[in-house]
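I opened the model and kept notes as I went. Entries follow in the order I looked things up.

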Amino acid sequence: MDYKQFIEEQISEIRDTVGREKAINALSGGVDSSVVTVLGHRALGDQLKTVLVDNALMREGEPEHVVKLFGKLGIKVSLIDAREEFLTALAHLTDPEQKRQAITDTFYAKVFARLVKESGAKFLLHGTILTDIEETVAGIKRQHNILAQIGIDTQKAYGYGVIEPLKSLRKDAVREVATALKLPRELSQRIPFPGPALAARIVGPVTKERLETVRAATTIVEEELSETGAFQYLAVLLSDLATGIRDNKRQFGEIVVIRCIDSVDARTATVKELGWDKLNRICERIVQIKGVNRCLYDLTPKPPATVEYV
Ligand code: XMP
């Protein structure tokens with residue numbers, strides 16, 4: 001595939017579709033939304049407003065870091081604090097599909113609808129990729145960002161049209177486009193991170209405290225495993241508890257699962273073989289997180305498991 005040509009085609013298509021109207025897009029810092037942000041700004045300049053919605057579900061320091069990173073690329077990103085709205089929508093939900101639905105609804109129908117209205121934008125640029133569409137259409141999972149492909153008319157439902165420049169590409173091709181756009185490696189090679197963010201890694205209720213636990217575990221896992229070159233690595237908080245010993249007393253504590261996989265496009269995945277020393281070090285660090293007394297390594301490939309737990 002000629003990525004330079006792909007970029008030129010997408011830029012002119014975005015320009016043709018948007019015309020003299022305004023557009024808006026949401027950046028998460030993942031490679032998909034980063035590529036869309038850069039394509040959009042090349043196509044539209046000031047006609048495009050880019051926002052980063054802090055949904056309370058992102059990694060440690062991530063919202064501020066991403067805003068800064070794009071500032072260095074000359075792209076202004078507005079940071080929107082919607083933490084309480086998302087936490088309220090998620091409160092008391094435990095069913096995976098209901099949690100994903102709550103995030104979709106809060107994002108599109110509430111926060112985004114409001115931002116679009118305020119900005120006067122008639123179009124939303126979106127980083128949907130081919131794998132998202134395939135898995136949603138196949139009924140494997142309701143990806144939070146799939147709308148048109150399952151029959152939702154965004155114009156009717158939310159009041160704006162959606163442009164999806166990456167919908168014909170898989171993750172590996174998106175990285176090639178990122179490289180062709182000369183995005184820094186930190187962005188082009190960034191490991192995949194799901195739209196529902198850390199909520200995809202909390203089985204059971206999503207609360208501020210449980211987010212803190214999984215966020216701390218994520219920091220450890222990313223520090224320890226970034227050198228492996230694995231496709232993706234993550235930490236998951238289960239809803240079960242297990243008996244342990246803390247300060248010579250019985251403690252019914254939290255269980256964190258570590259997952260580290262190799263994959264080309266996340267459609268299938270194999271588990272990375274990690275050295276015992278590495279696994280032990282991760283375990284030692286994970287059980288220092290408040291309330292956690294067990295750390296497990298997940299040996300399950302995809303299929304039958306998915307990458308995320310929710
Ligand atoms: P699963 O868990 O479905 O994940 O095997 C496959 C890949 O997709 C990521 N993922 C998502 N990405 N929105 C996204 O943008 C989502 O709702 C979503 N769910 C999973 C996951 O991290 C993995 O790389």
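I call a residue buried under 20% relative accessible area, exposed over 50%, and partly exposed in between (1.4 Å probe, protein chains only). By that scale Asp153, at 38% relative accessibility, is partly exposed.

**Ground rules.** The model is predicted, so I note that local features need pLDDT of at least 70, side-chain atom pairs count only at pLDDT 80 or more, and totals for chains, interfaces and linings use all residues. Residues are numbered from 1 along each chain as its sequence is written, and side-chain values use heavy atoms, with hydrogens and water left out.

**Asp153.** I found Asp153 in the loop between helix 6 (130–137) and helix 7 (154–158). Helices (H or I, at least four residues) and strands (E, at least two) are DSSP runs, numbered from the N terminus. I checked Asp153 against Val53: they are 100 residues apart in sequence and 23 Å apart in space, C-alpha to C-alpha.

**Core.** Val53 came up again in the largest nonpolar core. A nonpolar core here is a set of buried Ala, Val, Leu, Ile, Met, Phe, Trp, Tyr and Cys residues joined through side-chain atoms within 4.5 Å. Helix 5 gives the most, with 8 residues.

**Salt bridges.** I counted a salt bridge when a side-chain nitrogen of Lys or Arg is within 4 Å of a carboxyl oxygen of Asp or Glu. The whole structure has 19 of them.

Glu85 and Arg114 pair at 3.0 Å, N to O. Glu85 is in helix 4 and Arg114 in helix 5, so this pair ties together parts that are 29 residues apart in sequence. Glu85 is partly exposed at 27% relative accessible area. Arg114 is also partly exposed, at 37%.

Arg201 and Glu308 have their closest N and O atoms 2.8 Å apart. Arg201 sits in the loop between helix 9 (185–188) and helix 10, Glu308 in the segment after strand 9, 107 residues apart. Both Arg201 and Glu308 are buried.

Arg285 meets Glu224 at 2.9 Å, N to O. Arg285 lies in helix 11 and Glu224 in helix 10, so the bridge ties together parts 61 residues apart in sequence. Arg285 is partly exposed at 27%, whereas Glu224 is buried at 8%.

I also noted a salt-bridge network that links Arg59, Glu62, Glu186, Arg190 and Glu222.

**Backbone.** Most residues other than glycine have a negative phi, and most peptide bonds are trans. Which peptide bond joins Lys302 and Pro303, cis or trans? I read it as cis, with omega about -15 degrees. The bond from Pro303 to Pro304 is cis too, with omega near 10 degrees.

Ala56 has a positive phi, near 75 degrees. I placed Ala56 in the loop between strand 2 and helix 3 (62–72). Ala56 is buried, at 9% relative accessibility. Ala266 has a positive phi near 70 degrees. The loop between strand 7 and strand 8 (270–271) holds Ala266.
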